[in-house]
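Reader: I have a chain open on my screen and would like to go through some of its labels with you. Could you tell me what stands behind each one?

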Amino acid sequence: MSHDTLLDLSRWQWALTAAFHITFPAVTVGTSVFLVVCYAMYMRTDDDVWLRMFRFWRRIFAVGFTLGVVSGMVLTFEFGLNWGPFARDVGPIVGVAILMEVVMAFFLEAGFLGLLIYGEGRIGKRMMMFSTCMVSLGTMLSVTWILVANSWMQTPAGYKLVDGQFQPVNWLHVIFNPSFGIRFIHMLVGALVAAGWFICGISAWYFVKRRHLPIARRGLSVTLGVLSVLVPLQIYIGDSVAGGYVAKYKLPQLEAMGGNWNSTNTGENMIVIPNQDAAKNKLQVTIPWLGSALGAKNWSGHTATPGLKLTPKSLRPMMLPTFYGFRLMWWPTLLMIAVVLGGIALRLRGRLYSARWFHKLLVGLVPIGFVSIWAGWVLAETGRQPWLVNGKLLTAAAVSPLKPWSVLTSLTVFVVLYLALLGMYVWYVVRAVREGPGDGPIVEPAAPSLRHERRSGLASAS
């Protein structure tokens, strides 16, 4: 097997591991914020419905958090095993960013997660609220440092090259590199949107089944209200990303996103089947004028989108995954905005809680936010190719010299293992949703009595 085969296998292994891992931070960031809202409302109103919601979503959060930690550890091992030259070259910068995630985010989450899950009834409400906030803050810090590392790879800054190794000379420039700010906000809002549709769809399922209606009503109302703000905001942020840092620092990605080889098309390509070697499309379905209006903001329809032939052949990203990565991120967002507008209309007409067709639609949209996040990461990573550190380190020069069969073996094991773990997670969530948060009287967990502790201690000593 050739070096190209080794490179492809290593990239596939990394991509599948990253796709599996990113699903769970997307769940936990948003659900941790929702937990903060639920417990804050419970403290303010002393309403048992909010406490039931808190307990229910805490279960789902805890399992997702655990799987996120496990899959994240695998990624760090792959840095050293599959991408040894990359780890050596960028270790002084990317390695420190990952270490900061562990020190600032993981330790914070680990320190308060036990109180969040087991502390109810054993610690006061204020401490419970503080623990929930700290866990939520930890999830956001994790996103922060991962985006620091990845954004630096997109737009490297604040370094010097010493014997081929990137060494930091200005940590402020490393952290606040040109793409970090907008990409961090884009990813954070995306995670909140994904969790919002997740919570909204499950709340809608209870309306379809006519169960736990007080909880379903509040879950649906809160998440649709938040989504009505975040989805338009995300569209604006995404447009700023494409029009800002991508056009300035990653022009080949912008060219591949459009699906054009020549810079003559003023329309918007909806479907393309590219021939990368021949630099032409086998099939191309285009809507005239739309590309100029949406891409260049020229409503006269006379501005063509840039073609990929502007980039030398050896430095072109693959058009197929870049083109469809963008559209699988963008098209679901258009559906989101349509559903949000429909929800606002139903709320104003007083039919939000009685329109069963709308509830069924929301159930079907449970994974839509995750699809957009996966597609966005495919777009960002394939659009940067053939570079691993944009413009500085080629992907082909960063892969470890392993036997292709060994990478194929580990890739096969990972695929089977991750499918099993994902299946178990989906099974657990489905089971938890079917069991529901309960409608009976709230029973507060009792703290262990002093007599019980003494008896347990005597029993252990004997």
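Reader: Why is His212 called buried?

Author: Happy to start there, with the reminder that this is a predicted model. The relative accessible area of His212 is 9%, and buried means under 20%, so His212 counts as buried. His212 is found in the loop between H6 and helix H7 (213–249).

Reader: Is Asp163 buried or exposed, and how do you know?

Author: The relative accessibility of Asp163 is 69%. Exposed means over 50%, so Asp163 counts as exposed.

Reader: Let's turn to rings. Why is the pair of Phe198 and Phe370 called edge-to-face?

Author: The ring centres of Phe198 and Phe370 are 6.0 Å apart, and the planes stand at 70°. Rings pair if their centres lie within 6.5 Å, and planes over 60 degrees apart count as edge-to-face. Phe198 and Phe370 meet both conditions, so the pair is edge-to-face.

Reader: Which parts of the chain does that pair link?

Author: Distant ones: Phe198 is in helix H6 (residues 180–209) and Phe370 in helix H12 (residues 368–384), 172 residues apart. Phe198, at 7% relative accessibility, counts as buried, and Phe370 is buried with a relative accessible area of 8%. Both also belong to one aromatic cluster, together with Phe34, Phe56, Trp57, Trp205 and Tyr206.

Reader: How many aromatic pairs are there in the whole structure?

Author: A search of the whole structure finds 25. One of them joins Phe112 and Phe130, at 5.5 Å centre to centre with 80° between the planes. That angle is over 60 degrees, so this pair is edge-to-face. Phe112 lies in helix H3 (residues 84–118) and Phe130 in helix H4, so the pair ties together parts that are 18 residues apart in sequence.

Reader: Why do Phe112 and Phe130 get their accessibility labels?

Author: Phe112 has 18% relative accessibility, under the 20% cut-off, so Phe112 counts as buried. Phe130 has 39%, between 20% and 50%, so Phe130 counts as partly exposed.

Reader: How do you know that the charged end of Arg183 is close enough to sit over the ring of Trp377?

Author: The charged end of Arg183 is 5.9 Å from the ring centre of Trp377, and the distance limit is within 6 Å. There is also an angle condition, within 35 degrees of the ring normal. Arg217 likewise has its charged end over a ring, that of Tyr353, 4.2 Å from the centre.

Reader: What describes the packing of H2 and H4?

Author: Helix H2 (residues 48–81) and helix H4 (residues 125–154) pack at an angle of about 35°, and their axes are 14 Å apart. H2 passes H4 in a left-handed crossing. From H2, Phe54, Arg58 and Phe61 meet Met128, Thr132, Val135 and Thr139 of H4. By class, this contact has 4 nonpolar, 2 polar and 1 charged residues.

Reader: Why is Ser179 called buried?

Author: Its relative accessible area is 0%, under the 20% cut-off, so Ser179 is buried. Ser179 lies in the loop between helix H5 (171–175) and H6. Leaving aside its neighbours within four places in sequence, Ser179 is in contact with Ser151, Gln154, Thr155 and Tyr245. Ser179 and Tyr245 are 66 residues apart in sequence and 6.1 Å apart in space, C-alpha to C-alpha.

Reader: What kind of peptide bond joins Gln385 and Pro386?

Author: A cis peptide bond, with omega about 10°. Pro386 is found in the loop between H12 and strand E5 (387–389).

Definitions and conventions:
Residues are numbered from 1 along each chain as its sequence is written. This is a predicted model: local features need pLDDT of at least 70, side-chain atom pairs count only at pLDDT 80 or more; totals for chains, interfaces and linings use all residues. Side-chain values use heavy atoms; hydrogens and water are left out. Axes are lines fitted to C-alpha atoms, for helices over the stretch in contact, and angles run from 0 to 180 degrees between N-to-C directions. Helices (H or I, at least four residues) and strands (E, at least two) are DSSP runs, numbered from the N terminus. A crossing is left-handed if the near helix is turned anticlockwise from the far one by less than a right angle, and right-handed if clockwise. Contact means heavy atoms within 4.5 Å. Ala, Val, Leu, Ile, Met, Phe, Trp, Tyr, Cys and Pro count as nonpolar, Asp, Glu, Lys and Arg as charged, and the others, Gly among them, as polar. Rings of Phe, Tyr and Trp (its six-membered ring) pair if their centres lie within 6.5 Å; planes under 30 degrees apart count as stacked, over 60 as edge-to-face and the rest as tilted. Buried means under 20% relative accessible area, exposed over 50%, partly exposed in between (1.4 Å probe, protein chains only).
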